[in-house]
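Work through the exercises below with the sequence and the model open. Try each task before reading its solution.

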Amino acid sequence: QVHLVESGGGSVQAGGSLRLSCEASESIFSINAMGWYRQAPGKFRELVTTITSGGSTNYADAVKGRFAISGDNAKRTVYLQMNNLNTEDTGVYYCYAEASTGAYHYTPWGQGIQVTVSS
């Protein structure tokens, strides 16, 4: 099993910044990619960003140029730097990982962390 622990959420005014972290526990599972989804009140969960173990990244159009994901493979940790936040970024942010061992793949999730942006 892989357990994901998120930290760094909170409340900020529009235009401000927050940094989220997500650490994956040590496990027999390899981590092939990690990233973040978010869910705003009354909306579906949406993909925000992903980073592979090789360092490739992708971003949702809504956050391009404002958010930056980075990773530390040795620490099995990813970071999400969120700048120039706006009220549309409010929601619960969920870390996820693409984990595998041999031919078995699965996707663990973090418990979610609240980000609130006020105008």
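The model is predicted. Start with the aromatic rings.

**Exercise 1. Which residues do ring pairs link into a cluster?**

Solution. Ring pairs join Phe29, Tyr104 and Tyr106 into a cluster. For context, a search of the whole structure finds six aromatic pairs.

**Exercise 2. Over the faces of which rings does Arg45 lie?**

Solution. 
- Step 1: check Tyr94. Arg45 lies over the face of this ring, 3.7 Å from the ring centre.
- Step 2: check Trp109. Arg45 lies over this face too, at 5.0 Å from the ring centre.

**Exercise 3. Follow the pairings of β9, and state how enclosed the strand is.**

Solution. 
- Step 1: pair β9 with β4. The two are antiparallel, with nine bridges. Met34 has Ala97 in β9 as its bridge partner.
- Step 2: pair β9 with β11. The sense is antiparallel again, over three bridges. Tyr93 faces Ile113 in β11.
- Step 3: pair β9 with β10 (residues 104–106). Three bridges join these antiparallel strands. Ser100 has His105 in β10 as its bridge partner.
- Step 4: inspect the turn. β9 and β10 make a hairpin with two residues between them. Gly102 in that turn has a positive phi of about 60°.
- Step 5: Eight of the 11 residues of β9 are buried, so the strand is largely enclosed by the rest of the structure.

**Exercise 4. In what order do the strands of the four-stranded open sheet run?**

Solution. 
- Step 1: write the order. The sheet reads β1-β3-β8-β7, with antiparallel pairing.
- Step 2: find the edges. β1 (4–7) and β7 each pair on one side only, which makes them the edge strands.
- Step 3: From one strand to the next, it averages 15°.
- Step 4: β1 and β3 form an antiparallel pair over four bridges. Val5 is opposite Glu23 in β3.
- Step 5: β7 and β8 run antiparallel and are joined by six bridges. Ile69 has Leu80 in β8 as its bridge partner.

**Exercise 5. Which residues touch the most other members of the largest nonpolar core?**

Solution. 
- Step 1: name them. The core has 28 residues, and Met34, Trp36, Met82 and Tyr93 touch the most other members.
- Step 2: trace the sources. β3 (18–24), β4, β5 (46–52), β7 (67–72), β8 (77–82), β9 and β11 (113–118) each supply at least two core residues.
- Step 3: zoom in on Met82. Leaving aside neighbours within four places in sequence, its contacts include Leu18, Leu20, Phe67, Tyr93 and Val115. Gly16, Ser17 and Arg66 are also among them.

**Exercise 6. Examine the positive phi values of Arg76 and Asn84.**

Solution. 
- Step 1: Most residues other than glycine have a negative phi.
- Step 2: take Arg76. Its phi is near 50°. Arg76 sits in the loop between β7 and β8, a hairpin with four residues between the strands. At 12% relative accessibility, Arg76 is buried.
- Step 3: take Asn84. Its phi is also near 50°. Asn84 lies in the loop between β8 and β9. At 47% relative accessibility, Asn84 is partly exposed.

How values were computed: Residues are numbered from 1 along each chain as its sequence is written. This is a predicted model: local features need pLDDT of at least 70, side-chain atom pairs count only at pLDDT 80 or more; totals for chains, interfaces and linings use all residues. Side-chain values use heavy atoms; hydrogens and water are left out. Rings of Phe, Tyr and Trp (its six-membered ring) pair if their centres lie within 6.5 Å; planes under 30 degrees apart count as stacked, over 60 as edge-to-face and the rest as tilted. A charge sits over a ring if NZ of Lys or CZ of Arg is within 6 Å of the ring centre and within 35 degrees of the ring normal. A nonpolar core is a set of buried Ala, Val, Leu, Ile, Met, Phe, Trp, Tyr and Cys residues joined through side-chain atoms within 4.5 Å. Buried means under 20% relative accessible area, exposed over 50%, partly exposed in between (1.4 Å probe, protein chains only). Contact means heavy atoms within 4.5 Å. Two strands pair if DSSP finds at least two bridges between them. Axes are lines fitted to C-alpha atoms, for helices over the stretch in contact, and angles run from 0 to 180 degrees between N-to-C directions.
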